[in-house]
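User: Hi! I am new to this structure and would like to understand the terms used for it. Could you walk me through them with the model in view?

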Amino acid sequence: MGIEPAKVIRRALGLAPRGPHYLFPRHRLFVRISHWINAGCLAFLLMSGLQIFNAHPALYWGQSSDFDHPLLSMTALDNGSELVGVTQAGPWHFNTTGVLGVSNEDGSPMVRGFPDWATLPGPQWLAMGRLWHFAFAWLFVINGLLFWAYSITRGHARHDLLPTGTDIAHLPREVIDHIKLKFPRGEDAKRYNALQKLAYFSVIFVLGPLIVLTGLTMSPTMDSAFPELLWIFGGRQSARTIHFICAFSFLGFFIIHIAMVVLSGTWNNLRSMITGRYVIEGNKDG
Amino acid sequence: MADNRRRFLARAGASAATLFLGGCTSLSEQPWVVNLLSEVEILTRHAQRLFAGEHALAPEFPKKDIASVFRANGTLNPDTPDYNAHAANGFRDWRIKVGGLVEHPLSISMAALRAMPSRTQITRHDCVEGWSCIGQWTGTPLSLVLAAARPTAAARYVMFFCADNMAQDGDPPQFYYESLDLLEATHPQTLLAYELNGQTLPIEYGAPVRLRAERQLGYKMPKYIKRIEVVDEFKTINGGRGGYWEDQGYNWWGGI
């Protein structure tokens, strides 16, 4: 089978093939609405979260802050002529001027953890960052709980998301296929492959609850109500560190997710998450 | 061609991000947005109260967890002539006035406060910035002081007025103040604290007396307390939002 460039390009862009194809109902309305609310929430939560982090750009392990030994910190040094941004992770120190520790705000260098293009609001404004963060945290939790209820009661979690034994057995093969950018087509494209199941299942049922619970562990009132939280996560400062790691895991998931959406048929994927319909190559009964 | 397209896409992406960010930053300056987002605080407060109830205690820690250096934050010394005179005198003449909606207004000296039953607790102090420090606090439960003053049936909030001026030099004075509702104010761990780690409270931590409200963030625990006032609402007091930082846009509910 020779390579046909036109076909490959149409596939990558996700345009309907010239040959036989049909529309397959891929995502239900509930899932589509839930997906986009979640996407919006994550954008607001990440950026307002970085704003909150900037109020004290350092992470610790344990119940309280050992200020002399942070796991990670973003600081600024004045070397006499200019400000130098220093990011420390464990025993390592990096010059991160311009991005972390010191970055430009309205054209002049400012001492701040993450740069203003990554935070909401842009300028240092903790009170406002907290307002955005908690408002979208509520929306994220309510949307997440509704999705859980839907996906568990309608069998979506069990049939579509939970990886099966066969899925696990196919995993090495799929990893190789993904690296070669060979994506499932025809009948195989009607269900999630093992990598997708593993990614979606762990984001929805592990990462999601983990980021919410570590967030709540940072609340002194919630620690009074549920002191177990401190025991589970090893203290408030550990919970803050895990919360931060979860946030960047979400970002990592997002980047890979977008890359896969783009590489495996941009418009076909996007359409299926907007209108629900996904183009399958071949004949309907085939 | 491909280069142009890439440049166009990159520029389009950057513009979209800038629009989104600029939009959200300017939204943050719209009163209606701020008010809408602030409404969420009511939901948070009710939900947290539902879980924590009236009496759930903040976690207490063993002595070994006490921080070797407890970070002092906010005002480190009120440094007014009046305060300095009190400090020079070992706060012997410092009095805490308790008034407002109470049947028995009080004026309590430090000696009288220390003579009342005390509570000692090793708790975690959580700053709104994100850091935490563990320290041992000794003080008089605020509930005992309030019980002696006997709040009237209309009482809803307890206001704390302090000796530290937060205004810049040259601006009209803005003394730190805070408020708790009666439930949090009468919580067993809510103290008028006069000792840290077994020592008389040092100036940078709020000498001679500061509040501990262990289920709340640090800014809800004012230092250098001069006057306590029981009120039914705080809309007409200072900025009207119940505290110095609240008037700068921070949540009144400091439970998260």
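This is a predicted model: local features need pLDDT of at least 70, side-chain atom pairs count only at pLDDT 80 or more; totals for chains, interfaces and linings use all residues.

Analyst: Happy to. Let us begin with what a strand is: a strand is a DSSP run of E with at least two residues, and helices and strands are numbered from the N terminus.

User: What makes the peptide bond between B:A207 and B:P208 a cis one?

Analyst: Its omega is about 0°, and the bond is cis. Most peptide bonds are trans. Chain A has a cis bond too, from A:L120 to A:P121, with omega near -10°. A:P121 sits in the loop between β7 and α3 of chain A.

User: Why is B:F91 called buried?

Analyst: A residue is buried if 20 or more other C-beta atoms lie within 10 Å of its own. B:F91 has 20 other C-beta atoms within 10 Å, so it is buried. B:F91 belongs to the loop between α3 (81-88) and β1 (95-100) of chain B. Its phi is near 60°, a positive value in a residue other than glycine.

User: And what makes B:N197 partly exposed?

Analyst: Partly exposed is the range between the two cut-offs, 20 or more for buried and 12 or fewer for exposed. B:N197 has 16 C-beta neighbours inside 10 Å, so it counts as partly exposed. You will find B:N197 in the loop between β7 (191-196) and β8 of chain B. B:N197 also has a positive phi, near 50°, in a residue other than glycine.

User: How do you know that A:F253 is partly exposed?

Analyst: By the count of 16 other C-beta atoms within 10 Å, A:F253 is partly exposed. A:F253 lies in helix α9 of chain A. Leaving aside neighbours within four places in sequence, A:F253 is in contact with A:A199 and A:V203.

User: Why is helix α1 of chain A said to lie largely in the open?

Analyst: Helix α1 (residues 5-13) of chain A has 9 residues, and the number buried is 0, so the helix lies largely in the open. After α1(A) comes A:G14, with a positive phi near 80°.

User: What makes β3 and β4 of chain A a pair?

Analyst: Two strands pair if DSSP finds at least two bridges between them. Strand β3 (residues 72-78) and strand β4 (residues 83-89) of chain A have 7 bridges, so they pair, in the antiparallel sense. One of the bridges joins A:L77 to its partner A:V84 in β4(A).

User: What makes up the largest nonpolar core?

Analyst: The core has 83 residues, and those with the most contacts inside it include B:V158, B:F160 and B:L192. The largest share of this core, 9 residues, comes from α3(A). B:L192 touches, among others, B:L113, B:V145, B:V209 and B:I225, not counting residues up to four places away in sequence.

User: How many residues of chain A are in contact with chain B?

Analyst: 33 residues of chain A are in contact with 41 residues of chain B. On the chain A side, α3 (126-153), α7 (220-225) and α9 (236-263) each supply at least two residues. α3(A) gives the most, with 9 residues. By class, this side has 20 nonpolar, 9 polar and 4 charged residues.

How values were computed. Residues are numbered from 1 along each chain as its sequence is written. Chains are lettered from A and ligands numbered from 1 in the order in which they are written. Two residues are in contact if their C-beta atoms, placed from the backbone, lie within 7 Å. Helices (H or I, at least four residues) and strands (E, at least two) are DSSP runs, numbered from the N terminus. Ala, Val, Leu, Ile, Met, Phe, Trp, Tyr, Cys and Pro count as nonpolar, Asp, Glu, Lys and Arg as charged, and the others, Gly among them, as polar. A nonpolar core is a set of buried Ala, Val, Leu, Ile, Met, Phe, Trp, Tyr and Cys residues joined through C-beta atoms within 7 Å.
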